Amino acid sequence: MSPVAFALVLTGVLLNATAQLLIKAGAQTAGHFSFTAGHILRAGLHFAMQWQILAGLACYAISVVVWILALTRVQVSIAYPMLSLGYVVTAFAAWWLFGEALNPHKLLGIAIIIVGVVLLARP
């Protein structure tokens, strides 16, 4: 994989992870709500006004463009599995930013993902 192709794939992965983290931050502003028509409408309006959610959606939009550019340079059978690196980035960032747990099972899963991506990326 060329350095440009790798940069595009990595940028797409990081944009997706950033989008998830921003949306999580925005979602936390509402707390828990019941699933009634009135509450869902109010929550939807609340979420639509959160800068974190809007920024997360913008990251998703940009990541689509970056991903299209990546797919012009990398086989989808190699590029798509690399998206799983987003889980690795997101898991550690969620641990750092939100205090989410990283137990031994998650760490083992992360290690398996990394090994799998390395095996798939090899020529």
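This is a predicted model: local features need pLDDT of at least 70, side-chain atom pairs count only at pLDDT 80 or more; totals for chains, interfaces and linings use all residues.

Visitor: What makes up the secondary structure of the protein?

Guide: The secondary structure comes to six helices and zero strands. Along the sequence the pattern reads α-α-α-α-α-α. The C-alpha atoms fill a box of roughly 55 × 35 × 20 Å along the principal axes. Of the 123 residues, 27% are buried.

Visitor: Why is Tyr60 called partly exposed?

Guide: Tyr60 has 24% relative accessibility. Buried would need under 20% and exposed over 50%, so the value of 24% places Tyr60 in the partly exposed class.

Visitor: Where is Tyr60, and what does Tyr60 touch?

Guide: Tyr60 is found in helix α3. Leaving out residues up to four places away in sequence, Tyr60 touches Asn16, Ala19, Gln20 and Ile23. Its C-alpha atom is separated by 8.7 Å from that of Thr18, 42 residues apart along the chain.

Visitor: What makes a group of residues the largest nonpolar core?

Guide: Membership requires buried nonpolar residues joined through side-chain atoms within 4.5 Å. The largest such set has 14 residues, and those with the most contacts inside it are Val9, Cys59, Trp67, Ala70, Val74 and Ala79. The elements giving two or more residues to this core are α1, α3 (51-71) and α4 (76-82). Helix α1 gives the most, with six residues. In soluble globular proteins, nonpolar side chains tend to be buried together.

Visitor: What does Val74 touch?

Guide: Setting aside residues up to four places away in sequence, Val74 touches Met1, Ala5, Val9 and Ala79.

Visitor: How many cavities of 30 Å³ or more does a search of the whole structure find?

Guide: The search finds one. The volume of the largest cavity is about 30 Å³. A cavity is a place where a 1.4 Å probe fits but cannot get out.

Visitor: Which residues line the largest cavity, and how do they divide by type?

Guide: The lining consists of Phe6, Val9, Leu10, Val13, Met82 and Leu85. The residues divide into six nonpolar, no polar and no charged. Helix α1 (residues 3-27) supplies the largest share of the lining, four residues.

Visitor: Where does Leu102 lie, and what does Leu102 touch?

Guide: Leu102 lies in the loop between α5 and α6 (104-121). Apart from residues up to four places away in sequence, Leu102 touches Ala91, Phe92, Trp95, Leu107 and Ile110. Leu102 and Met1 are 101 residues apart in sequence and 31 Å apart in space, C-alpha to C-alpha.

Visitor: What share of the contacts with a separation of 6 or more joins residues 24 or more positions apart?

Guide: Such residues account for 72% of those contacts.

Key: Residues are numbered from 1 along each chain as its sequence is written. Side-chain values use heavy atoms; hydrogens and water are left out. On a 1 Å grid over the protein atoms alone, a cavity is a set of points where a 1.4 Å probe fits but cannot get out, and a pocket is an open set with protein on both sides within 12 Å along at least five of seven lines; lining residues have an atom within 4 Å of a point. Grid points are joined across faces, edges and corners, and a volume is the space filled by probe spheres set on the points. Ala, Val, Leu, Ile, Met, Phe, Trp, Tyr, Cys and Pro count as nonpolar, Asp, Glu, Lys and Arg as charged, and the others, Gly among them, as polar. Buried means under 20% relative accessible area, exposed over 50%, partly exposed in between (1.4 Å probe, protein chains only). Contact means heavy atoms within 4.5 Å.
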